[in-house]
Amino acid sequence: MTARADRVDTLADGRAVVIDYKTGQAPSKAQMAAGYRPQLPLEAAMVAGGAFAEVGPRAVGLIEVWQLKGGNPPGVIKEIPDAAAVADGAVDGVKRLLGKYADQAQPYLSSPNPRQAGYGDYDHLARVGEWADGGDKS
């Protein structure tokens, strides 16, 4: 796995803070913990594992999402304090997913959780709107 972190800072106690800048909607802790927004938790796991040479292996104390909107206030910082637990959950989720897809009988679903609105970046290609209400939108 490869990633490019927006920013990784170091706290006074030596732990890392993984920071992501967002101009749009910032993910919530609940979304990250549920595996719907795994980018930052996986980056945190990669920091802990030493995947970023400039940082080296280091425990992660926080995940922060800096939502930069302009205006007043110009931005909001959301902290995810239990970063290690959220990162471990994301790694476990990837391992489970890879285990499932190692089975040739496993279907590749375009929307694994249809109740999660806006789940997939490719919903428009899967014609989710058409299937959701049973009408023909072509």
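Student: Which residue is the bridge partner of Val65 in β4?

Tutor: In this predicted model, Val65 has Lys78 as its bridge partner in β4.

Student: How do β3 and β4 run, and how many bridges join them?

Tutor: Strand β3, residues 60-68, and strand β4, residues 75-80, run antiparallel and are joined by six bridges. Another bridge partner pair there is Gln67 with Val76 of β4.

Student: What lies between β3 and β4?

Tutor: The two strands form a hairpin, with six residues between them. In the turn, Gly70 has a positive phi of about 75°.

Student: Which strand pairs with β3 in the parallel sense?

Tutor: That is β2, residues 16-22, which pairs with β3 over seven bridges. Within this pairing, Lys22 has Gln67 as its bridge partner in β3.

Student: Turning to the helices, at what angle do α2 and α3 pack?

Tutor: Helix α2, residues 39-48, and helix α3, residues 83-101, pack at an angle of about 100°. Their axes are 8 Å apart. An angle from 65 to 115 degrees counts as roughly perpendicular, so α2 and α3 are described in that way.

Student: Which residues make that contact?

Tutor: Helix α2 contributes Pro41, Leu42, Ala44 and Ala45. From α3 come Val86, Ala87, Ala90, Val91 and Val94.

Student: How many of them are nonpolar, polar or charged?

Tutor: The residues of this contact divide into nine nonpolar, no polar and no charged.

Student: Another topic: where is Gly35?

Tutor: Gly35 is placed in the loop between α1, residues 29-33, and α2.

Student: How does Gly35 count in terms of accessibility, and why?

Tutor: Gly35 counts as partly exposed, because its relative accessibility is 38%.

Student: How far apart are Gly35 and Gly89 in sequence and in space?

Tutor: In sequence, Gly35 and Gly89 are 54 residues apart. In space, they are 7.8 Å apart from C-alpha to C-alpha.

Methods
Residues are numbered from 1 along each chain as its sequence is written. This is a predicted model: local features need pLDDT of at least 70, side-chain atom pairs count only at pLDDT 80 or more; totals for chains, interfaces and linings use all residues. Side-chain values use heavy atoms; hydrogens and water are left out. Two strands pair if DSSP finds at least two bridges between them. Helices (H or I, at least four residues) and strands (E, at least two) are DSSP runs, numbered from the N terminus. Axes are lines fitted to C-alpha atoms, for helices over the stretch in contact, and angles run from 0 to 180 degrees between N-to-C directions. Angles under 35 degrees count as roughly parallel, over 145 as roughly antiparallel, 65 to 115 as roughly perpendicular and the rest as oblique. Contact means heavy atoms within 4.5 Å. Ala, Val, Leu, Ile, Met, Phe, Trp, Tyr, Cys and Pro count as nonpolar, Asp, Glu, Lys and Arg as charged, and the others, Gly among them, as polar. Buried means under 20% relative accessible area, exposed over 50%, partly exposed in between (1.4 Å probe, protein chains only).
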